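Me: I am new to reading protein models. Please take a close look at the salt bridges here and walk me through them.

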Amino acid sequence: MPTRGLPPSAISEATMQLNKPHFDPNPVLCIISGIGLDDLKNKVFAKRGLYKGQKKTQKPAAEAPAERAASPPKPSGLRSSITPGTVVILLAGRFRGKRVVFLKQLESGLLLVTGPYKVNGVPLRRVNQAYVIATSTKIDISGVKVDEKVNDAYFAKSSSSAGKSAELEFFEDGKPKAKEAFPESKAADQKEVDKAVIEAIKKTEYLAKYLKASWGLSKGQFPHQLVF
Amino acid sequence: MKLWTLRLYSKGRVLGHKRAKRNSRPNTSLIQIEGVSNKEEAQFYLGKRIAYVYKAKREVQGSKVRVIWGRVTRPHGSSGVVKSKFRSNLPPHAFGASVRVMLYPSNI
């Protein structure tokens with residue numbers, strides 16, 4: 001034991017310190033009591049059972065991740081200003097500037113919105129909350145039933161367009177793309193939903209004209225000063 | 001004669017890069033938004049996306065118009081000027097140029 005340079009009394013004291021039932025591996029204390037740092041290391045080694053080998057962090061067993069049930073995706077919050085029947089202004093995309101009626105929030109968090117189509121040409125469409133300004137104009141659409149089948153899967157792009165080989169596409173480039181006729185069923189869905197919405201719109205004077213008109217900023221109008 | 005416009009953005013001007021007297025940090029640009037004169041008003045625009053739109057001679061993807069997108073990050077000072085970061089730094093020839101401060105992501 002390398003407790004050199006110490007008087008015999010100190011050496012025995014030091015060993016006693018190491019073999020005490022409660023061994024405090026504090027390097028400072030050890031130095032004070034005369035225990036060499038090598039002795040300290042050995043003692044700590046023994047205390048931690050490192051002779052058994054360094055413990056590697058246990059990787060979870062293959063079943064463990066599956067056991068931790070994936071929490072179901074939470075529906076993203078809806079701004080309190082957006083309620084079913086709110087007239088909403090689209091800020092980006094093909095129909096930017098259009099005033100449109102909010103129907104409901106879909107599972108994915110996107111908002112389901114309709115022009116109605118006859119009024120301003122906006123069909124049943126999904127829109128992200130962040131790209132929308134909610135106005136204080138509300139329409140009573142309690143009588144409007146949006147079919148359950150109008151959900152996120154309803155709007156998924158058809159897989160046939162992805163099936164084309166790259167060669168065919170290359171040769172077709174330049175020629176006008178053949179447009180697929182709008183599916184009859186979707187047109188029927190649109191009419192069904194819009195019928196009830198348009199009835200509610202007709203109750204208020206000028207509301208149809210309001211929805212037909214687009215919105216935009218004009219000179220002297222600053223969004224942070226406007227009340228929507 | 002059109003009685004309405006389709007402008008869906010606020011107009012802004014690029015004042016320059018974030019800088020001290022002798023050192024500049026070109027990754028952040030200062031933007032003056034029209035109509036905004038104090039820090040409280042500028043809060044509305046934080047997070048909004050900005051488009052620096054410019055024209056070039058060579059057509060890219062079928063258009064001679066190009067954009068550098070960015071966002072309003074924080075206010076600058078107390079007079080409504082605002083700091084912003086772009087996907088690539090704004091080139092110095094953009095100082096004094098107009099910039100479009102879009103209204104999205106919206107929180108109204």
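This is a predicted model: local features need pLDDT of at least 70, side-chain atom pairs count only at pLDDT 80 or more; totals for chains, interfaces and linings use all residues.

Reply: Over all chains, the count comes to three salt bridges.

Start with A:Lys149. Which partners does A:Lys149 meet in salt bridges? One is A:Asp147, with the closest N and O atoms 3.4 Å apart. Another is A:Asp189, at 3.0 Å from N to O. The pair of A:Lys149 and A:Asp189 links distant parts of the chain. A:Lys149 sits in the loop between S5 and H6 of chain A, while A:Asp189 belongs to helix H7 of chain A. They are 40 residues apart. Through shared partners, A:Asp147, A:Lys149 and A:Asp189 form one network.

Are these three residues buried or exposed? A:Lys149 has a relative accessible area of 42%, so it counts as partly exposed. A:Asp147 is partly exposed too, at 35% relative accessibility. A:Asp189 is buried, at 7%. The reasoning needs one cut-off: buried means under 20% relative accessible area.

Now take the remaining pair. A:Arg126 and A:Asp152 meet through their side chains in a salt bridge, 2.9 Å from N to O. Where do they sit in the chain? A:Arg126 is in strand S4 of chain A, residues 125-127. A:Asp152 lies in the loop between strand S5 (132-138) and helix H6 (166-172) of chain A. The two are 26 residues apart, and this pair also links distant parts of the chain. A:Arg126 is partly exposed, because its relative accessible area is 28%. A:Asp152 has 19%, so A:Asp152 counts as buried.

Next, the nonpolar side. The largest nonpolar core has 20 residues. Among them, A:Leu103, A:Leu112, A:Ile139 and A:Val197 touch the most other members. Strand S2 (99-105), helix H7 (184-202) and helix H8 (207-212) of chain A each give two or more residues to this core. H7(A) gives the largest share, five residues. In soluble globular proteins, nonpolar side chains tend to be buried together.

Finally, turn to chain B. Which residues form a positive surface patch there? They are B:Lys18, B:Arg25, B:Arg74 and B:Lys85. B:Arg25 lies in strand S2 of chain B, residues 24-33. B:Arg25 is partly exposed, with a relative accessible area of 47%.

Technical notes: Residues are numbered from 1 along each chain as its sequence is written. Chains are lettered from A and ligands numbered from 1 in the order in which they are written. Side-chain values use heavy atoms; hydrogens and water are left out. Patches are made of residues with over 30% relative accessible area and no salt bridge: like charges are joined within 9 Å, nonpolar side chains (Val, Leu, Ile, Met, Phe, Trp, Tyr) within 5 Å. Accessible areas come from the Shrake-Rupley method with a 1.4 Å probe; for residues, only the protein chains shown count as cover. A salt bridge is a side-chain nitrogen of Lys or Arg within 4 Å of a carboxyl oxygen of Asp or Glu. Lys and Arg count as positive and Asp and Glu as negative; His and the chain ends are not counted. The place of a charge is taken as NZ of Lys, CZ of Arg, CG of Asp or CD of Glu. Helices (H or I, at least four residues) and strands (E, at least two) are DSSP runs, numbered from the N terminus. Buried means under 20% relative accessible area, exposed over 50%, partly exposed in between (1.4 Å probe, protein chains only). A nonpolar core is a set of buried Ala, Val, Leu, Ile, Met, Phe, Trp, Tyr and Cys residues joined through side-chain atoms within 4.5 Å.
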